[in-house]
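Please look over the structure shown below. The questions that follow take up some of its features in turn.

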Amino acid sequence: MINPADIANFKEKSAYLQGNIKSIPDFPKPGILFRDITSLCEDKKAFTLCIDLLYEIFKDSAIDKIVCAEARGFVFGAPLAYRLGAGLVLVRKPGKLPRAVISEHYDLEYGQNVLQVNLDAIKPGERVLVLDDLLATGGTVEAMIKLVRRLKGEVVAAGFVLELFDLGAAERLRKNCQVEVVSLVKFPGH
């Protein structure tokens, strides 16, 4: 894995991505400043740059599979898996996968949620990149890491397009899951 700071003009490229993420006040409820990643996807230069940067970071990591959660994680996971020559593993909510699955429960701010993955999606020893669009509190990605490890996969890193840095999830993932965290763009969280 390459440190993003070692990529030529990374700060400028990250700033371009950041400039293409719209901030929507009071969505989905009052007091929340929502960072809208779909505006980045709508800009062909920004979307291409995003996938290119992720590729540069992980191209030498011998990734066998990319694990991503529905739905926005799929948007970034699929083109990156193609570029890396890796398989794509879809993590979904209950009842969406037709084969035998394993489940992982995780806490949300107000309750719990469940993620599932196909029981045969990852073979023991496969090198896995866990990828999502956004790192906020870290519950979703921690559940994905647990699913990968239950299937005996090796988590190489957790990658994100956008990180809400002051929520502290990256440091918790490093400490609690012993996984490297990489984000292309960082915003304060609300």
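Accessibility, contacts and packing

Q: What is the relative accessible area of Cys41?
A: Cys41 counts as partly exposed. Buried means under 20% relative accessible area, exposed over 50% and partly exposed in between, with a 1.4 Å probe and protein chains only. Cys41 belongs to the middle class because its relative accessible area is 26%.

Q: What kind of model is this?
A: Residues are numbered from 1 along each chain as its sequence is written, and side-chain values use heavy atoms, with hydrogens and water left out. Local features need pLDDT of at least 70, side-chain atom pairs count only at pLDDT 80 or more, and totals for chains, interfaces and linings use all residues; this is a predicted model.

Q: Which residues does Cys41 touch, not counting those up to four places away in sequence?
A: Cys41 lies in helix α2 (residues 38-42); helices (H or I, at least four residues) and strands (E, at least two) are DSSP runs, numbered from the N terminus. Its C-alpha atom is separated by 9.2 Å from that of Phe76, 35 residues apart along the chain. With contact meaning heavy atoms within 4.5 Å, Cys41 touches Phe47, Val75 and Phe76.

Q: How many aromatic pairs are there?
A: Rings of Phe, Tyr and Trp (its six-membered ring) pair if their centres lie within 6.5 Å; planes under 30 degrees apart count as stacked, over 60 as edge-to-face and the rest as tilted. By this rule, the count of aromatic pairs is two.

Q: Why is the pair of Phe27 and Phe34 classed as it is?
A: Phe27 is partly exposed at 43% relative accessible area, and Phe34 is also partly exposed, at 24%. The ring centres of Phe27 and Phe34 are 5.2 Å apart and the planes stand at 80 degrees, so the pair is edge-to-face.

Q: How many residues apart are Phe47 and Phe76, which form a pair that links distant parts of the chain?
A: Phe47 and Phe76 form a tilted pair, 5.8 Å centre to centre with 50 degrees between the planes. Phe47 is partly exposed at 21% relative accessible area, whereas Phe76 is buried at 0%. Phe47 sits in helix α3 and Phe76 in helix α4, and the separation between them in residues is 29.

Q: Why does α3 count as it does relative to α4?
A: Helix α3 (residues 44-58) and helix α4 (residues 72-84) pack at about 50 degrees, with axes 10 Å apart. Axes are lines fitted to C-alpha atoms, for helices over the stretch in contact, and angles run from 0 to 180 degrees between N-to-C directions. Angles under 35 degrees count as roughly parallel, over 145 as roughly antiparallel, 65 to 115 as roughly perpendicular and the rest as oblique. The angle therefore makes α3, relative to α4, oblique.

Q: How many charged residues are in the contact of α3 with α4?
A: Residues including Phe47, Cys50 and Asp52 of α3 meet residues of α4, among them Phe76, Pro79 and Arg83. Ala, Val, Leu, Ile, Met, Phe, Trp, Tyr, Cys and Pro count as nonpolar, Asp, Glu, Lys and Arg as charged, and the others, Gly among them, as polar. The contact holds 11 nonpolar residues and no polar ones, while the charged residues number two.

Q: Where is Asp60 found?
A: At 59% relative accessibility, Asp60 is exposed. Its C-alpha atom is separated by 7.8 Å from that of Ile2, 58 residues apart along the chain. Asp60 is found in the loop between α3 and β3 (65-69).
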